[in-house]
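Please open the model in a viewer and keep the selection panel at hand.

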Amino acid sequence: MKWETTELSLVNFNFSSKEEGKYLISLQDTFINNLSPFDLEARCNFKDATKYDYLLFCRNNVLNWTDENIILIDGLLKEIDGEFKQRGMVIPFIDNINLVKTTSKEEGGAMGYTRGNTIYVADYIMYKPKVKIKEILTHELFHILTRSSFPFKQEMYSIIRFTALDKIIDLTTMNQRCRFVSNPDVSNSCSYIELKDWDGKEHRLLMTTLARSNYHGGSLFKYIQPYFLELDSEHNIMTYGDNLPVRKSIYGEYYKDFIMKVGQNTGYMVNPEEILAENFRIAILGEIDEVPNPEIINNIRNGMTKDNFKKEN
Ligand SMILES: [Zn+2]
């Protein structure tokens, strides 16, 4: 194990003011700069929305934390830290995580999402049971951790047989007729899984999300469909004429091999990052005998155990 570790209790959680949150949410990071025409329309809820329409919309949805919110979240983070400690688990090194409260209208009403080292939390989840809020925070924490340490990301991805590369895949260069749907939790670094087709031949596949139709109103989430895009040996997306990617439904010929490799602990199968965030949540908070593939949970726990670092460092 090569990644530098810390403990959750040593991380500074910064509850951002509305002003600071507006600043953070307006940063033109790779997520913002790679939004597709579909992404912008579905998030702004109108046709031909631009990046600047979206940034303004983001800013207008940032809220202030209340004292009650801060006490609640702080208490839950301490409970999550307790779970790590009880299992002897450590996390990749990170010194600061920002928490920004928004209406979440800017991200289709998601309960939470992340960009950089910031977790954006939907205001409405404050009214959910504590156990649910804790689950959301743990899930989002995973995205921050994979972003903060590439060796950690590689190790976690390998548990579900994905290979994480530091090569950037720029989907904006593809034909936008295929309607890419961006996910702020997923970086545009390439990752792939090798799966067998009906004839037993292996294919390198990148998992991503596309919209099932053009935007015509309603929530972003009702459009999202997961797909595999086929990669060549140099990890370039294979295309047909017109620069349209070769895409395959995840429920087709690769599905059996896919399920064998990534397990069935979650139904949230849109990309490896989300599959792992859900398995991570179970590894930290859940009971192992309640899932169909406990070996994945065990591998996450073992991979993050303090004792393993002592042995190998
Ligand atoms: Zn997520």
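How far apart do the C-alpha centres of domain 1 and domain 2 lie? The distance between these two C-alpha centres is 23 Å. It is computed, as are the other values in this tour, from a predicted model.

**Stop 1: the two domains**

Colour residues 5–150 together with 274–308 as domain 1, and residues 156–262 as domain 2. Then display the contact between them, to which domain 1 gives 28 residues and domain 2 gives 23 residues. On the side of domain 1 that touches domain 2, select α2 (30–33), α3 (37–44), β6 (112–115), α6, α9 and α10 (294–303), the elements that give two or more residues each. The largest share of that side comes from α3, with six residues. Coloured by class, the side of domain 1 that touches domain 2 shows 11 nonpolar, 10 polar and seven charged residues.

**Stop 2: helices α6 and α9**

Select helix α6, residues 130–148, and helix α9, residues 272–285. Their axes are 8 Å apart, and the two helices pack at an angle of about 125 degrees. An angle of this kind makes α6 oblique to α9. The crossing in which α6 passes α9 is right-handed.

Next, show the side chains at the contact. From α6, select K134, E135, T138, H139, F142, H143 and T146; these meet E273, L276, A277, E278, F280, R281, I284 and L285 of α9. The residues of this contact comprise six nonpolar, four polar and five charged.

**Stop 3**

**Stop 4**

Select strand β10, residues 202–211, which is joined to β11 by eight bridges; the two strands run antiparallel. To locate one of these pairs, highlight T209 and its bridge partner in β11, P226.

Continue to the other pairing of β11, which spans residues 224–231. Here β11 and β12 pair in the antiparallel sense over three bridges. Highlight L229 together with R247, its bridge partner in β12.

**Stop 3: helices α7 and α10**

Return to α7 and select α10 beside it. How many degrees is the angle at which α7 and α10 pack? The angle is about 160 degrees, and the axes are 9 Å apart. The two helices are therefore roughly antiparallel to each other. In passing α10, α7 makes a right-handed crossing.

To finish, display the residues that make this contact: E155, M156 and I159 of α7, with I296, N299, I300 and G303 of α10. By class, the residues of the contact of α7 with α10 are four nonpolar, two polar and one charged.

Terms used: Residues are numbered from 1 along each chain as its sequence is written. This is a predicted model: local features need pLDDT of at least 70, side-chain atom pairs count only at pLDDT 80 or more; totals for chains, interfaces and linings use all residues. Axes are lines fitted to C-alpha atoms, for helices over the stretch in contact, and angles run from 0 to 180 degrees between N-to-C directions. Helices (H or I, at least four residues) and strands (E, at least two) are DSSP runs, numbered from the N terminus. Angles under 35 degrees count as roughly parallel, over 145 as roughly antiparallel, 65 to 115 as roughly perpendicular and the rest as oblique. A crossing is left-handed if the near helix is turned anticlockwise from the far one by less than a right angle, and right-handed if clockwise. Two residues are in contact if their C-beta atoms, placed from the backbone, lie within 7 Å. Ala, Val, Leu, Ile, Met, Phe, Trp, Tyr, Cys and Pro count as nonpolar, Asp, Glu, Lys and Arg as charged, and the others, Gly among them, as polar. Two strands pair if DSSP finds at least two bridges between them. Domain bounds come from an automatic or database domain assignment.
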